[in-house]
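Here is my note on the model you sent. Please read it with the structure open.

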Amino acid sequence: MTAFERQLRYHALCCMADDLLGQGLITLSEYHRILQKLSQRYLGGGAPPGKEEKCNK
């Protein structure tokens, strides 16, 4: 998987987590934990800047 593909997948999964949070299906702490794990897996880092990635709706 190329770096670009990893970034696209990371962004898509962050948007899915954002939707789950917006629907009340996960808590804010679960949301932040998910973003941290996604960042570690796809970006090779710690928590994302600002701890959240918003998708454009």
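**Notes on the predicted model**

1. Start with C14. At 0% relative accessibility, C14 counts as buried, because the cut-off for buried is under 20%. Keep in mind that this is a predicted model. C14 lies in helix α1, which runs over residues 3-22. The C-alpha atoms of C14 and S39 are 9.3 Å apart, although 25 residues separate the two along the chain.

2. Next, the overall make-up. The protein has two helices and zero strands. It contains 57 residues, and 23% of them count as buried. Take the contacts in the protein with a separation of 6 or more: residues 24 or more positions apart account for 45% of them.

3. Which residues make up the largest nonpolar core? There are eight: Y10, C14, A17, I26, Y31, L35, L38 and Y42. The elements giving two or more residues to this core are α1 and α2, the latter spanning 28-43. The largest share, four residues, comes from α2. As a general point, nonpolar side chains in soluble globular proteins tend to be buried together.

4. L38 deserves a look of its own. Leaving aside residues up to four places away in sequence, L38 touches Y10, L13, C14 and L43.

5. Now the geometry of α2. This helix has 16 residues. From its first C-alpha to its last, α2 reaches 21 Å, close to the 22 Å expected at 1.5 Å a residue.

6. Which residues of α2 are buried? They are Y31, L35, L38, S39 and Y42. These residues cover an arc of only 105° around the axis, so they sit on the same side of α2. S29, K37 and R41 are exposed, on the other side of the helix. What do the buried residues of α2 pack against? They pack against α1, the helix that holds C14.

7. Last, the end of α2. G44 comes just after this helix and takes a positive phi of about 70°.

Notes. Residues are numbered from 1 along each chain as its sequence is written. This is a predicted model: local features need pLDDT of at least 70, side-chain atom pairs count only at pLDDT 80 or more; totals for chains, interfaces and linings use all residues. Side-chain values use heavy atoms; hydrogens and water are left out. Buried means under 20% relative accessible area, exposed over 50%, partly exposed in between (1.4 Å probe, protein chains only). A nonpolar core is a set of buried Ala, Val, Leu, Ile, Met, Phe, Trp, Tyr and Cys residues joined through side-chain atoms within 4.5 Å. Contact means heavy atoms within 4.5 Å. The expected span of a helix is 1.5 Å times one less than its number of residues. The arc is that of the directions from the helix axis to the C-beta atoms.
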